[in-house]
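Q: I've just loaded this one and would like to talk it through before I set anything up. Could you go over it with me?

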Amino acid sequence: MKFIIKILVVAASLWVAIQFVDGVEITTPTGTAKYWGTLLVVALIFGVINAVIKPIIETIGCAFYVLTLGLFALVVNAGLMLLTSWVADQIDVPFHVTGFWPAFWGAIVVAVVSWVLSLVLPD
């Protein structure tokens, strides 16, 4: 149950990023079942990438995190958003991030919205 709630939180966060960040988009008609299904698939992809690759990057780039006082995490999150877009493209999921800056701002929006929702929702 906890896993499903986390995926729904990430999906809601991605939806907010899609609404507010130009360059982060799902290319299916809004409001359709396919749109919401795509959003859930992208949330699952993003969650798996964050669970598998992010700890490896944090371990390898530990010095960068220390030297930049944690600001390097913003760059890493943008890279993971771009990787999510690439993986989605490889499996024909209509999710696209157009470049680094949309990924950067999209990752910030996803992180903030996920954090706020995790405060509101029970464990």
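Q: Let me start with a detail: is Leu69 buried or exposed?
A: Bearing in mind that this is a predicted model, Leu69 counts as exposed because its relative accessible area is 78%. Leu69 sits in the loop between α3 and α4, and its phi is positive, at about 55 degrees, although the residue is not a glycine.

Q: Which residue just after α4 takes a positive phi?
A: That is Asp92, with a phi of about 60 degrees, and Asp92 is not a glycine either. Asp92 belongs to the loop between α4 and β2, and it is classed as exposed because its relative accessible area of 69% is over the 50% cut-off.

Q: OK, stepping back, what's the order of helices and strands along the chain?
A: The chain has five helices and two strands, and read along the sequence they follow the pattern α-β-α-α-α-β-α. The radius of gyration is 14 Å, close to the 14 Å that the globule rule gives for 123 residues, so the chain is as compact as a globular protein of that length.

Q: And what does the C-alpha trace span along its principal axes?
A: The spans are about 45 × 35 × 25 Å. The accessible surface of the chain comes to about 7400 Å², with 74% of that area belonging to carbon and sulfur atoms, while buried residues make up 37% of the 123 residues. Among the contacts with a separation of 6 or more, 68% are between residues 24 or more positions apart.

Q: Which residues have the most contacts inside the largest nonpolar core?
A: They are Leu14, Ile18, Met81 and Phe95, within a core of 32 residues. The elements giving two or more residues to this core are α1 (2-20), β1 (24-26), α2 (33-60), α4 (72-90), β2 (95-97) and α5 (100-120).

Q: Take Leu14, then: what is it in contact with, leaving aside its neighbours in sequence?
A: Once the neighbours within four places are set aside, Leu14 is in contact with Leu39, Val42, Ala43, Met81 and Val110.

Q: Met81 again. Which residues of α4 are buried?
A: Met81 is one of them, and the others are Val76, Asn77, Ala78, Leu80, Thr84, Ser85 and Ala88. What covers these buried residues includes α1, α2, α3 (62-67), β2 and α5.

Q: What span should α4 have at 1.5 Å a residue?
A: Its 19 residues should span 27 Å, and the end C-alpha atoms are 27 Å apart, which agrees with that expectation. For α5, with 21 residues, the distance from first to last C-alpha is 30 Å, close to the 30 Å expected on that basis.

Q: What do the buried residues of α5 pack against?
A: They pack against α1, β1, α2, α4 and β2. The buried residues of α5 are Pro102, Ala103, Phe104, Gly106, Ala107, Val109, Val110, Val113 and Ser114.

Q: Which residues does UniProt list as "transmembrane region"?
A: The UniProt entry, which is unreviewed, lists residues 33-53, 65-88 and 100-121 under that heading. In the model, residues 65-88 are 83% helix and 0% strand, with end C-alpha atoms 28 Å apart, whereas residues 100-121 are 95% helix and 0% strand, with their end C-alpha atoms 31 Å apart.

Methods:
Residues numbered from 1 in each chain as written. Predicted model: local features only at pLDDT ≥ 70, side-chain atom pairs only at ≥ 80, totals over all residues. Heavy atoms only, no water. Core = buried A, V, L, I, M, F, W, Y, C linked by side-chain atoms within 4.5 Å. Buried < 20%, exposed > 50% of the residue type's maximum accessible area, 1.4 Å probe, protein only. Helix = DSSP H or I, 4+ residues; strand = E, 2+ residues; numbered from the N terminus. Contact = heavy atoms within 4.5 Å. UniProt positions renumbered as here; feature names shortened; annotations may be inferred. Rg over C-alpha atoms; globule rule 2.2 N^0.38 Å. Areas by Shrake-Rupley, 256 points an atom, 1.4 Å probe, with all protein chains shown as cover. Expected span 1.5 Å × (residues − 1).
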